[in-house]
Amino acid sequence: MNRLAEKLLPLLEENPNVLVPTPDMLQLPEKVLQFGTGVLLRGLTDYLIDKANRQGIFNGRIVVVKSTDSGDATAFDEQNNLYTLCVRGIDNGSQIETNTICSAISRVLSAKTQWQQILECAHNPELQVIVSNTTEVGIQLIQDDIRQSPPVSFPGKLLAFLYERFTAFAGDPAKGMVIVPTELIPNNGKKLESILFELAHRNNLETEFLDWLENSNFCCNSLVDRIVPGKPDEATRQQITQQLGYTDDLITMSEVYRLWAIEGNEHIRSVLSFHQADEGVIIEPNIELFRELKLRMLNGTHTLSCGLAFLSGITTVKEAMSDENMSAFISNLMLGEIGTSIPYSISEKAIQRFGMQVLDRFRNPFIEHRWINITMEYTSKMIMRDIPVLLQYYKNFGTPPPYISLGFAAYLLFTKPVKEENDTYFGQAHGTFYPIKDSHASYFFEAWKNVSPEQLVTTVLKNTNMWETDLTALPGFADKVTDYLVQMQEKGVREVLFSFFPKNVLTSQ
């Protein structure tokens with residue numbers, strides 16, 4: 001069977017099972033520079049730009065900057081940067097199954113080996129937009145020299161690119177960029193902007209550039225929301241491959257729901273004209289409502305559930321929603337604790353409506369969203385998504401929240417490394433080792449050594465450098481977390497989950 005490539009497209013035009021790009025879409029100019037090759041960008045931002053191109057609205061392609069050695073760069077090259085997005089789910093009661101060959105990406109360039117080519121893109125007068133998704137730890141200020149090839153950090157690379165553009169066009173104010181980071185941190189655009197200015201000062205860049213950076217470029221806060229698990233399981237992959245009639249090493253699964261909320265004015269709307277192609281793209285002066293609902297109720301629920309589900313032997317979100325106990329935990333956590341404690345003024349009706357929508361998305365029978373993948377950068381996610389909810393819960397009710405406490409205890413147990421190999425830390429569950437892909441894994445490796453659960457909980461909760469507050473000051477929280485942690489170590493996580501709901505009778509598993 002042939003592999004997806006540009007030469008194959010004419011043969012697929014009559015295939016009713018896949019939407020094929022037209023030849024003119026492959027010739028559109030490069031208008032977007034994208035930092036990141038991850039499946040979220042493929043399944044949301046790149047797909048939305050591709051959809052706009054099909055409607056003749058945006059008419060621009062994407063140059064992707066790849067910063068790491070891992071990933072799918074070879075596959076992009078071999079497939080002429082084409083990939084198939086398979087959307088599966090329920091929309092207004094109807095089952096949706098669509099396959100689209102996305103052609104929005106024109107090139108994938110390696111920052112390590114093709115930095116000069118990336119800088120040459122700054123000379124393109126048609127370039128208008130920069131998009132990024134470098135994970136939640138990517139937007140950080142570190143000492144960086146933008147004259148390196150390449151700079152170390154994402155903000156360093158971005159600043160070097162903007163300085164190259166400033167130089168190439170002699171500071172022309174019309175050649176500034178609209179920059180839309182999609183990393184899931186509060187005020188991601190404003191935080192990135194402040195880092196760019198600090199790096200510019202540290203690199204002794206001239207005042208004229210600083211003026212151009214401030215007045216001609218726009219860093220927009222944004223929020224993305226779509227479950228994009230990426231590659232399907234083997235059985236699903238084979239089924240889809242037979243349906244499509246070709247193989248695709250970049251095939252990407254996605255749910256139906258999509259949201260890309262961008263904070264901006266009319267100028268931003270005119271540059272990001274692709275918003276006209278899909279109601280999922282929202283450009284408004286304030287997107288805080290969208291951010292809070294998504295960050296707390298969807299992402300926050302994921303974070304507080306992933307360790308508990310994984311350690312209970314539940315592999316995917318879909319499986320969790322079919323498990324009576326885990327499903328009850330997720331629903332009660334989301335609607336009973338997180339929904340009542342969002343640190344933002346939101347109507348109860350909006351919370352309930354959004355919550356029920358999220359639960360339907362979790363039940364999507366087509367999506368294999370693995371809990372182990374959700375545990376990546378577990379601690380950073382807990383800090384951003386759930387600690388503000390915990391603090392607000394105490395303001396509202398003054399008592400320890402049982403569901404959040406159980407989820408937090410499972411987080412501590414999941415991040416208990418039992419060995420370290422080649423700078424990777426591993427936990428152990430069900431007789432097998434699993435990787436702890438967390439920037440704080442080395443901290444937990446030391447914290448767990450020769451201590452009781454009570455000592456461990458106290459040490460971690462008192463870490464103000466991590467949480468920016470002393471969590472032991474919350475009445476009863478440390479005791480509640482310790483109690484659950486001890487129970488999980490003595491009885492097993494699944495047994496504790498069973499016993500969490502009084503209606504259950506414990507059985508051996």
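Student: Which residues gather in a patch of negative charge on the surface?
Tutor: In this predicted model, the patch is formed by Glu206, Glu208, Asp211 and Glu214.

Student: Where does aspartate 211 lie?
Tutor: Aspartate 211 is part of helix α7, which covers residues 207-216.

Student: What holds paired strands together in general?
Tutor: Strands of a sheet pair through backbone hydrogen bonds, in either a parallel or an antiparallel way.

Student: Over how many bridges do β7 and β8 pair?
Tutor: Strand β7, residues 178-181, pairs with β8 over two bridges, in the parallel sense. Within β8, phenylalanine 218 is the bridge partner of valine 178.

Student: New topic: the peptide bond from serine 149 to proline 150. Is that bond cis or trans?
Tutor: The bond from serine 149 to proline 150 is cis, and its omega is near 5°. Proline 150 itself belongs to the loop between β6 (129-132) and α5 (154-168).

Student: What about the phi of asparagine 81, positive or negative?
Tutor: Asparagine 81 has a positive phi of about 65°, although it is not a glycine. Asparagine 81 is placed in the loop between α3 (73-78) and β3 (83-91).

Student: Is asparagine 81 buried or exposed?
Tutor: Asparagine 81 is buried, because its relative accessible area is 11%, and buried means under 20%.

Student: Then what is the phi of asparagine 450?
Tutor: The phi of asparagine 450 is near 55°, a positive value in a residue other than glycine. Asparagine 450 is found in the loop between α17 (441-447) and α18 (453-461). Asparagine 450 is exposed, with a relative accessible area of 82%.

Student: How many residues apart are phenylalanine 197 and lysine 462 in sequence?
Tutor: Phenylalanine 197 and lysine 462 are 265 residues apart in sequence, and 33 Å apart in space from C-alpha to C-alpha.

Methods:
Residues numbered from 1 in each chain as written. Predicted model: local features only at pLDDT ≥ 70, side-chain atom pairs only at ≥ 80, totals over all residues. Heavy atoms only, no water. Patch = residues over 30% accessible without salt bridge, like charges linked within 9 Å, V, L, I, M, F, W, Y side chains within 5 Å. Areas by Shrake-Rupley, 256 points an atom, 1.4 Å probe, with all protein chains shown as cover. Salt bridge = Lys/Arg side-chain N within 4 Å of Asp/Glu carboxyl O. Lys, Arg positive; Asp, Glu negative; His and termini not counted. Charge placed at Lys NZ, Arg CZ, Asp CG, Glu CD. Helix = DSSP H or I, 4+ residues; strand = E, 2+ residues; numbered from the N terminus. Pairing = 2+ DSSP bridges. Buried < 20%, exposed > 50% of the residue type's maximum accessible area, 1.4 Å probe, protein only.
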